[in-house]
Amino acid sequence: MRRFLWPLVALALVIAYPLLFTTPFQQRLGALILLYAIAASAWNIVGGYAGQVSVGHVVFFGCGAYAAMAAYAHFGLPPLVGIPGGIIISVAIAAVIGVPTLRLSGHYFSMATIAVAELVRLIVTNTDYLGAAVGLSGPTVPRTVFDLSFTSALPYYYLFLLVLLTTLGITWWMANSRMGFYLRAIRDSERAARSLGAPASRTKLYAFMLSAGLTSVAGALYAMMFGFVDPESGLGILISVKMLIMAALGGAGLLFGPLVGAAILVPLEEISNNLLGGKGAGLTFVVYGAIIVLIARFQPGGILTLINRLWAGRSKTPETTVAAGATHAP
Amino acid sequence: MSLILVQVIVGGLLLGAVYALFSSGLTLIWGMMNIVNFAHGDFVMLGMYVAFMVWTVLGVGPFVGAPVAALVLATLGIIVYFGLIRSVMKGPMLAQILGTFGLALLLRYSVFWGFGANFMTLPDNIVGGTFDVFGIRIQASRLLAGVVALLVTLGLHLLLTRTSLGSKMLAVAEDATAAQLMGIRPDTMQAIAWAIAAGATGIAGALIATFFYIAPTVGETLGIVAFVTVSLGGFGSVPGALVAGLLIGVIESVSAYEIGAIYKDIAVYSLFLCFLWFRPQGLMGKM
Amino acid sequence: MRLRHVLGLLCAAAISVALVGTASAQDKTVKIGGVYPLSGNAASAGAHGKAAIETAIDIINNAHPELGSLPLAKNAGLPGLGGAKVEVIFADNQGSPAVGQNQALRLITEEKVVALSGAYQSGITLTTSAISEKYGIPYVNGESVAANLTERGFKWFFRVTPVAADFAKIYLDFLKDMKAGGVKTDNVAIVHENTEYGTSVAGVIASVFKDNGLSIAQDIAYSANTTDVQSQVLQLKEKKPDVVIMVSYTSDAILYVKTMQSLDYKPPMLIADNSGFSDPSFIKAVGKIAQGVFNRSSWGVGPPGSTSFLINEMYKKKSGGDDLDDTSARQMQGFFVLCDAIDRAGSTEPDKIQAALKATDLKPDQLIMGYKGVKFDDKGQNILASGLVIQLQDGENYVPVWPKDRARTAPALPYKGW
């Protein structure tokens, strides 16, 4: 029973956060942390657990965002309705990318994801149906609660929390299933795993498809919160990098790694922008970049591995973390 | 074939040579050390600013600017290697992306902080103007960059294949432990490789500054071109980067002219994806 | 399950959020928020805009009797609020609609600004003003030209600058005048970048031209921040249009002009739609090889001693020597309009400021820009905004050349280039 004490306390605090920190900005910050955590956790499935670094993951994010906005802009439906469509398209794209490239070494897969993401962005920028360069907007004034266009960040916070818990739940279930077992084996040594009969390419493909679908949900939620998507904000390469950085910073391949990463990076970005951004000297990014370099240099496994290591000394049972696999060279 | 089309193709070749020039450094370290360097575009940007400083302070053009940029960038490369790369090399690709991305931001915005956001250019005739060859206009600065691209490609290739330093570097790339057992120090070789690659990138930046605009954000635009060129050419193949660069340049130019500017990037990415599907090792890479 | 680290992250997040969430103290200043691109590709424009607004703050907060009938210049501070000073809290939108929106929210809810100004890029103005609309905070924009900004039925958004349709009309009338004077203007080509700015402006120009009997012969769209434009210039060189209209940001503008020189292409008439071609760094970099390019502007530096000249001198001190360009001047004008409204409202309450804005009726001699005045319609658009055509005749300075009654010298044709 003691094992569940800490988790429950943490969960209670997370649930209580917006009731303790009540300014709109703090609540919105919390919602944003959760939103990015959803995206980064989805990425984590293929990038951390399966060890396949996707640098073009934004294409799935954009699928979800555009599907949601298109549902409203073209059919007058609540953006929510677009989510299943976004998931289907994302999973299809993942299959198209994954089948040829997952059997090759990691670099090819990564480059393929960048190329596909940029290609989709260019095509969308020139497609009037999807708003071309101007983008698509959601409902400015919500018609029903299902439009999910709220003034306060509070409903978003709890909605995102729910989706995050679902995502983490799915990840946990996958990690403890046979698929997760195969993934760990593949990460340790793909050759050995294959020789023992693990269907390596197929497993990695499924992880990729799962990740793609969940990422598109994150994209749809983003579009609903901001009420707007355009090629830069929905399909820009910076978003892929952010997902990646948050997962890596927190600890790729660990269940809560992306959440830790998001909880550090999102406030960090905000604070540095608030304090330094107004001066216009770009110092925000100098600080941001320097911190990322330091973490990569001294703690490449992510902050979470550091925390785990510090706590491992104190707990009764030694940790056998999934992180062990994450620090292997490709 | 109309004169304009020839001009388009010539323009594409010159453009492609420039792509090859600033991609050669990237392919060298990617092939040798399996490092994905997200900060590559910003190294080019730094080379441009060094050339700009040389011009502002000494009043001379790229014939002095390029060697100075090579030295400055090579030094920076060594600092970056010992400061960051050596640690993240041992880690997964993810750590490398994380580290080099942070480095890119750091470099880009330090320059932004120091020089401001304004776009700068070097004077137009710093390397001579544009001349006419049978009705085809050729910019001297781009021609120079193209020639240097060939020289750098040749130089790096000869270095790797004909010198003992080169074979030591290749040995370390192939199997660092075995090389160590043979008395070669992997650390030194990798630092040298990194410094050479950075230096080559500095030269590229200094030359590009003679006909392109100089701004802190140039790294973003050029970085992704370098990645595609290197992947298409084959990771680690310097001649491959040259051929890939030329190919990309011509395809961009011709598709922009025949179909429309918007489609040139689509054409390049589509070509690239075809290669990934059917010949992932690129034009001249090894699997 | 590793939940101890969840606690750790919660602590980290809580501390950082608490740090972020401290509101600053209120005193006798009127706080206005300014969301601008202070980093990223548009940072040059953002930096110049910031300098322009800082100049405006100087004019308002200190006594400047030499600036004549410019409202709020004579005395120090805002007379309607007992001499209260104006303070602007700048925020960087980083070129992203999401960041812009977050910053707008922070300025409204944490810094408690009474109004917002910004955000340069039309797409970012779109999202940031959506926030101010939700919170009922006045938003005055001086520089974003996308048509849809005033088509949303917003009650708190006011735009001072002329819009794409106005500029299209200016170009149309200008070309008609030129044609009457014997210049060939039948084939018009538009070269535009394909993000929101270029697409919407080019689209509006094309439709306004079509409605008035002048059609677009060539429509060349290209991706912003491109590496090379040779093919596009060659397309122009081949088709030989009489007039080329360019809609670009600074980086591409520089590239185009350089490429035109290297390919030896001089269109008979080159018109630039502001933006990149107005940027001081464009003029410094390639002005000498772009002599004769036309541009649209509502701003011009007058003779020494005039209000605009004095303001330009003040601005140069803050901008590191650059002259005030049209875009930054429009930002400054928008800011003056906002402060004038706050002053007339005599209060910092949003409702009163909104009412004062609606009642704005500024006369030409009360403006720094060459508008016919400032008066908002019920969509929040300034219906008296106007502009004129300027030309970079010597490669260094733009001079007004059209319409005749506001021109300093006659237009020089054909395009000289270098």
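This is a predicted model: local features need pLDDT of at least 70, side-chain atom pairs count only at pLDDT 80 or more; totals for chains, interfaces and linings use all residues.
Helices here are DSSP runs of at least four residues, numbered from the N terminus.

Is H3(A) mostly buried or exposed? Of its 18 residues, 16 are buried, so the rest of the structure largely encloses H3(A).

## Where chains A and C meet

Chain A and chain C each put 46 residues into their contact. On the chain A side, five helices supply at least two residues each: H1 (5–20), H2 (24–49), H12 (257–276), H13 (283–298) and H14 (303–312). Which of them gives the most? That's H12(A), with nine residues.

What kinds of residues does chain A bring to chain C? You'll find 26 nonpolar ones, 17 polar ones and three charged ones.

For the complex, the predictor gives an ipTM of 0.87 and a pTM of 0.86. Chain C has an average pLDDT of 86, and 94% of the residues score at least 70.

Confidence in chain C is lowest in helix H1 (residues 4–20), with a mean of 53. At the other end of the scale, strand E4 (residues 139–141) of chain C is highest, at 95. Keep an eye on residues 20–26 of chain C too: their pLDDT is below 50. In the model, that stretch has 14 contacts beyond near neighbours in sequence.

Notes. Residues are numbered from 1 along each chain as its sequence is written. Chains are lettered from A and ligands numbered from 1 in the order in which they are written. A residue is buried if 20 or more other C-beta atoms lie within 10 Å of its own, exposed if 12 or fewer, and partly exposed in between; C-beta atoms are placed from the backbone. Two residues are in contact if their C-beta atoms, placed from the backbone, lie within 7 Å. Ala, Val, Leu, Ile, Met, Phe, Trp, Tyr, Cys and Pro count as nonpolar, Asp, Glu, Lys and Arg as charged, and the others, Gly among them, as polar. pLDDT is the predictor's confidence in each residue, from 0 to 100.
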